[in-house]
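Hi everyone, thanks for making time.

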Amino acid sequence: MNSLEHIYPYYVKDIYRYLYSLSYDHHTAEDLVQETFYRAYLYLENWKDERIKAWLFRVAHNAFVDYQRKASRSTVKEPDYFHQMIDRHTPEQALLQQERRLELDRLLTVLPDKQRQAILLVDVHQFTYQETADIMDISLSSIKITLFRARQRLRDLNRKDEYDE
């Protein structure tokens, strides 16, 4: 099971969605997916742990952090939206799903990076708090506080939107 041929098909979509949610750019996410699996390939033979998915997300997170460091020294790009990753069953379902993703995307853009990453890892990708803390390289108590603040901020934004309508 510790070969890229077996792991890549199972996790490539999740890794792409995670990186796309962080970067808001299709091309950047694709590049970071390739970088993630390249880095994973280099160390995969030595990997003995059962939680390969959490490890891959940590590798992806580190690739994104490295990308951000490099990007901070270059030009700033505008966020892009979830257009390519919509599962289409019926036109109505596709439209509703697209609206939900755009609303989530809009709400996530106002959160600080750490809060957004915590929400994505725990609530979207369903990692445990400990796995999320490991991926983000912060303590378990910090992840709990970060998630609490992020969820509270999202609730406040939702209430504000309801009153504005």
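Let me start with what I mean by a patch: it is made of residues with over 30% relative accessible area and no salt bridge, where like charges are joined within 9 Å and nonpolar side chains (Val, Leu, Ile, Met, Phe, Trp, Tyr) within 5 Å. The accessible areas come from the Shrake-Rupley method with a 1.4 Å probe, and for residues only the protein chains shown count as cover. A salt bridge, in turn, is a side-chain nitrogen of Lys or Arg within 4 Å of a carboxyl oxygen of Asp or Glu.

Before I use any of that, some housekeeping. This is a predicted model, so local features need pLDDT of at least 70 and side-chain atom pairs count only at pLDDT 80 or more, while totals for chains, interfaces and linings use all residues. Residues are numbered from 1 along each chain as its sequence is written, and side-chain values use heavy atoms, with hydrogens and water left out.

Okay, the overall layout. Helices here are DSSP runs of H or I with at least four residues, strands are runs of E with at least two, and both are numbered from the N terminus. Of the 165 residues in the chain, 39% are buried. Buried means under 20% relative accessible area, exposed means over 50%, and partly exposed is in between, with a 1.4 Å probe and protein chains only.

Now to that patch. Which residues make the nonpolar surface patch of about 490 Å²? They are Tyr38, Tyr41, Leu42 and Tyr43. Tyr43 sits in helix 2, which covers residues 26–43. With a relative accessible area of 53%, Tyr43 is exposed.

Staying with helix 2, let's see how its neighbours are arranged. Helix 1, residues 4–23, packs against helix 2 at an angle of about 140 degrees, and their axes are 9 Å apart. Those axes are lines fitted to C-alpha atoms, for helices over the stretch in contact, and the angles run from 0 to 180 degrees between N-to-C directions. Angles under 35 degrees count as roughly parallel, over 145 as roughly antiparallel, 65 to 115 as roughly perpendicular, and the rest as oblique. Helix 1 and helix 2 are therefore oblique to each other. Helix 1 also passes helix 2 in a right-handed crossing. On handedness, a crossing is left-handed if the near helix is turned anticlockwise from the far one by less than a right angle, and right-handed if clockwise.

What about helix 2 and helix 3? Their axes come within 9 Å and cross at roughly 125 degrees, so helix 2 and helix 3 are oblique to each other. Helix 2 passes helix 3 in a right-handed crossing.

In the loop between helix 1 and helix 2 you'll find Tyr24. Tyr24 is not a glycine, yet it has a positive phi of about 60 degrees. Tyr24 counts as buried, at 5% relative accessibility. Buried or exposed: how does Gln126 count? Gln126 is exposed, at 66% relative accessibility. Its phi is also positive, near 60 degrees, in a residue other than glycine, and Gln126 lies in the loop between helix 5 (113–124) and helix 6 (129–136).

Last topic, salt bridges. The whole structure has nine of them. One joins the side chains of Glu35 and Arg39 at 2.8 Å, N to O. These two are four residues apart in helix 2, so about one helical turn separates them. Glu35 is partly exposed at 29% relative accessible area, and Arg39 is partly exposed too, at 21%.

Arg69 and Asp66 form another salt bridge, at 3.3 Å, N to O. They are three residues apart in helix 3 (residues 52–71), so again about one helical turn separates them.

Arg159 and Asp156 also meet in a salt bridge, at 3.1 Å, N to O. Both lie in helix 7 (residues 140–164), three residues apart, about one turn of the helix.
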